[in-house]
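Good morning, colleagues. Please look at the sequence and the model that I am about to show.

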Amino acid sequence: MKKSVLVVGMNPSKVSRCGTFKRLENWMEQVGVTYYGFMNVYNEQGSFKKTDIDYVYVSQCINNHTTIVALGNVASEVLTKLDKDHLKMPHPSGLNRLLNNKEYEKQKLSELNEYVSELL
């Protein structure tokens, strides 16, 4: 079975021109991943409760993926609940203050690079 990268986010942004995807694309480019799938654990914009998440749907979507990258806490918690191995990355939103620290971001990119390196 061919290995593939699936990136799992939380839910769509209300902001139409947010920099989240730009940063994600930049990260993936830096680690040499050209093609990857993407999904959210919840498909509606705005606030939601974790009980709103359709875990069966998420499980079916991630089933055939061998390399999964979670963006942020919520996505990682869902994958953990589904007992699915994954790498937790910080959410790439411009609102994520952790990413103001360039050394932290560099460390996380190094972890991402190591995680996906067996695919390349």
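**Burial, fold and aromatic pairs**

Of the 120 residues in the protein chain, 38% are buried, where buried means under 20% relative accessible area, exposed over 50%, and partly exposed in between, with a 1.4 Å probe and protein chains only. This is a predicted model, in which local features need pLDDT of at least 70 and side-chain atom pairs count only at pLDDT 80 or more, while totals for chains, interfaces and linings use all residues. Residues are numbered from 1 along each chain as its sequence is written, and side-chain values use heavy atoms, leaving out hydrogens and water.

Let us turn to the fold. The protein chain has four helices and four strands, in the order β-α-β-α-β-α-β-α along the sequence. Here helices (H or I, at least four residues) and strands (E, at least two) are DSSP runs, numbered from the N terminus.

Which aromatic pairs does the structure hold? There are two aromatic pairs; rings of Phe, Tyr and Trp (its six-membered ring) pair if their centres lie within 6.5 Å, with planes under 30 degrees apart counted as stacked, over 60 as edge-to-face and the rest as tilted. Phe21 and Phe38 are edge-to-face, at 5.1 Å centre to centre and 70 degrees between the planes. This pair links distant parts of the chain, 17 residues apart: Phe21 lies in helix α1 (residues 20-30) and Phe38 in strand β2 (residues 37-40). Phe21 is partly exposed, because its relative accessibility is 43%. Phe38 is also partly exposed, at 34%. The rings of Tyr42 and Phe48 are stacked, because their centres are 4.5 Å apart and their planes at 20 degrees. Tyr42 is buried, with a relative accessible area of 19%.
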